[in-house]
Amino acid sequence: MTVYLVGAGPGDADLLTIRAAQLLASADVVVHDRLISEEVLSLVGSNARRYDVGKIPGLSHSQTQINELLVTLARQHDCVVRLKGGDPFVFGRGGEEAQRLGDAGIAVEIVPGITSAFAGPLLAGIPVTHRGLSHGVTIVTGSTVQGSSVDFTALANADLTLVVLMGVARRAIITEQLLEGGLDPSTPVAVVEWASTEQQRTVRARLDGLPGLDVVSPAVLVIGAVAALELGRITEFASTFAFSS
Ligand code: SAH
């Protein structure tokens with residue numbers, strides 16, 4: 001009768017919390033998203049029922065239906081794990097699920113996860129803050145929610161690192177707004193695709209080169225002076241440099 005809202009981290013099972021691994025092993029039911037890796041799912045106990053709410057045929061996965069599925073499952077089982085990529089409360093709509101379950105009188109425990117907003121840059125050797133280069137970091141969504149979107153002109157600030165999730169599709173408009181807001185066209189940019197997985201790839205460029213980059217989702221966009229750094233041993237699959245000078 002408890003739903004555990006669990007962060008799965010960016011992909012690599014080694015980056016799960018111990019609490020997450022324990023809950024996956026003991027869950028009666030696991031309800032997960034599309035981006036959860038097979039490696040993480042392999043930690044689910046063999047008797048547990050798995051629901052992929054990213055692609056079950058016939059089950060339309062609107063947020064309302066996921067919420068109702070969780071309420072129903074919580075009334076049937078002791079331990080329901082709702083597994084979400086990264087951190088459950090960073091753009092995962094985990095907050096809405098917790099609210100709905102709370103309204104239904106169901107106990108909810110939330111287990112933090114490593115967000116791709118931090119792990120993505122880090123695994124590409126990029127510190128999101130760095131003395132002398134960046135005094136802070138802003139994390140935003142690049143997607144539009146119900147017609148509204150982040151005003152990037154207001155986020156053009158050379159002293160802060162900008163991390164954009166779900167930003168690949170709208171990278172041209174994001175760039176346009178940042179330039180309009182006064183950010184230097186030569187500001188370093190890095191796009192980290194599939195962070196922590198075998199397909200991890202980093203593409204580096206200048207801000208004015210971002211619209212033309214050949215990059216795919218899921219990816220984290222990092223914009224700011226720190227995006228030019230490459231610290232530590234990078235274990236990623238491939239790294240591409242696309243500096244146009
Ligand atoms: N709750 C998640 C974010 C969900 S929104 C978290 O904390 O990480 C989904 C977006 O997250 C993707 O569009 C992409 O921008 C980013 N993302 C998730 N996993 C990623 C990964 N392994 N590598 C790069 N970006 C990732």
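Reader: Before we look at the two helices, what makes a crossing left-handed or right-handed?

Author: A crossing is left-handed if the near helix is turned anticlockwise from the far one by less than a right angle. In this predicted model, the pair to apply this to is α3 and α4, and the crossing in which α3 passes α4 is right-handed.

Reader: At what angle do the axes of helix α3 and helix α4 cross, and is α3 parallel, perpendicular or oblique to α4?

Author: Helix α3 covers residues 63–76 and helix α4 covers residues 94–103, and their axes come within 10 Å and cross at roughly 45°. Angles under 35 degrees count as roughly parallel and those from 65 to 115 as roughly perpendicular, and therefore α3 is, relative to α4, oblique.

Reader: Which residues of α4 are met by α3, and how do the residues of this contact divide?

Author: From α3 the contact takes in Q63, I66, N67, E68, L70 and V71, which meet E96, E97, R100 and L101 in α4. Sorted by kind, the residues of this contact divide into 4 nonpolar, 2 polar and 4 charged.

Reader: Which strand gives the largest share of the lining of the largest cavity?

Author: The count comes to 1 cavity of 30 Å³ or more, and the largest cavity has a volume of about 30 Å³. Its lining is made of T138, L155, N157, L160, T161 and L162, which divide into 3 nonpolar, 3 polar and no charged residues. The largest share of that lining, 3 residues, comes from residues 160–165, that is, from strand β7.

Reader: Which residue other than glycine has a positive phi, and which two residues does a cis peptide bond join?

Author: Most residues other than glycine have a negative phi, and most peptide bonds are trans. In the loop between β4 (79–84) and α4 lies F91, whose phi is positive, near 50°. P218 lies in the loop between β9 (201–206) and β10 (219–223), and the cis peptide bond, with omega about 0°, joins S217 and P218.

Conventions: Residues are numbered from 1 along each chain as its sequence is written. This is a predicted model: local features need pLDDT of at least 70, side-chain atom pairs count only at pLDDT 80 or more; totals for chains, interfaces and linings use all residues. Side-chain values use heavy atoms; hydrogens and water are left out. On a 1 Å grid over the protein atoms alone, a cavity is a set of points where a 1.4 Å probe fits but cannot get out, and a pocket is an open set with protein on both sides within 12 Å along at least five of seven lines; lining residues have an atom within 4 Å of a point. Grid points are joined across faces, edges and corners, and a volume is the space filled by probe spheres set on the points. Helices (H or I, at least four residues) and strands (E, at least two) are DSSP runs, numbered from the N terminus. Ala, Val, Leu, Ile, Met, Phe, Trp, Tyr, Cys and Pro count as nonpolar, Asp, Glu, Lys and Arg as charged, and the others, Gly among them, as polar. Axes are lines fitted to C-alpha atoms, for helices over the stretch in contact, and angles run from 0 to 180 degrees between N-to-C directions. Angles under 35 degrees count as roughly parallel, over 145 as roughly antiparallel, 65 to 115 as roughly perpendicular and the rest as oblique. Contact means heavy atoms within 4.5 Å.
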